[in-house]
Amino acid sequence: MMVWVLAQDAFWAGVTAVGFAILFSVPRRDLPGAFLTGAAGHCTRALLAQWGVPLEGATLAGAVVVGVLGNLLAQRLHKPTFVFTVPGVIPMVPGVFAFQTMMGILRVTTAAGGEVSGVLVDAGINAIHTALLLGALALGISVPRLLFRHPRPVV
């Protein structure tokens, strides 16, 4: 049962990655690579979240998978790394937390005097979650590039 749910999660994350790759004008022959990175990264995050890993750590691991796969595909196909990594991490962007932060901030204007502090605390917590998840995504796709990059000799 869990394998089927993960397979569905990976498929739809891959479809999302391909959609954003098309939006970013990625060449047609590179779309399977975008599908692979998006599916593998989101599946890794979902699997780790199922095992109880906090969402920030699971997102970091999923972004590292996207970064490693993106670097391998870029080296093999002689393409820039971001062709595969940027569409691959977009399914893991924390849209729900960002939306809840924005709605919380907007709710402050209509909240009664005693409710304002609670609404602000909830918005702040969602903002921190958003920032941590975005930091995990940035770190996860950049670390493999720094580790596997082979600098060319100057002379």
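Modeller: The largest pocket has a volume of about 310 Å³, a volume being the space filled by probe spheres set on grid points joined across faces, edges and corners. The model is predicted: local features need pLDDT of at least 70, side-chain atom pairs count only at pLDDT 80 or more, and totals for chains, interfaces and linings use all residues. Residues are numbered from 1 along each chain as its sequence is written, and side-chain values use heavy atoms, without hydrogens and water.

Colleague: What makes Asp30 and Lys79 a salt bridge?

Modeller: The definition requires a side-chain nitrogen of Lys or Arg within 4 Å of a carboxyl oxygen of Asp or Glu. The closest N and O atoms of Asp30 and Lys79 are 3.4 Å apart, so the pair qualifies. The two residues lie 49 residues apart, Asp30 in the loop between helix H1 (2–23) and helix H2 (31–50), Lys79 in the loop between helix H3 (55–77) and helix H4 (82–89). Helices are DSSP runs (H or I, at least four residues), numbered from the N terminus. A search of the whole structure finds one salt bridge.

Colleague: Why is Asp30 called buried?

Modeller: Buried means under 20% relative accessible area, exposed over 50%, and partly exposed in between (1.4 Å probe, protein chains only). Asp30 has 2% relative accessibility and therefore counts as buried.

Colleague: Why is Val143 called partly exposed?

Modeller: Val143, in helix H6, has 31% relative accessibility, so the term partly exposed applies.

Terms used: On a 1 Å grid over the protein atoms alone, a cavity is a set of points where a 1.4 Å probe fits but cannot get out, and a pocket is an open set with protein on both sides within 12 Å along at least five of seven lines; lining residues have an atom within 4 Å of a point.
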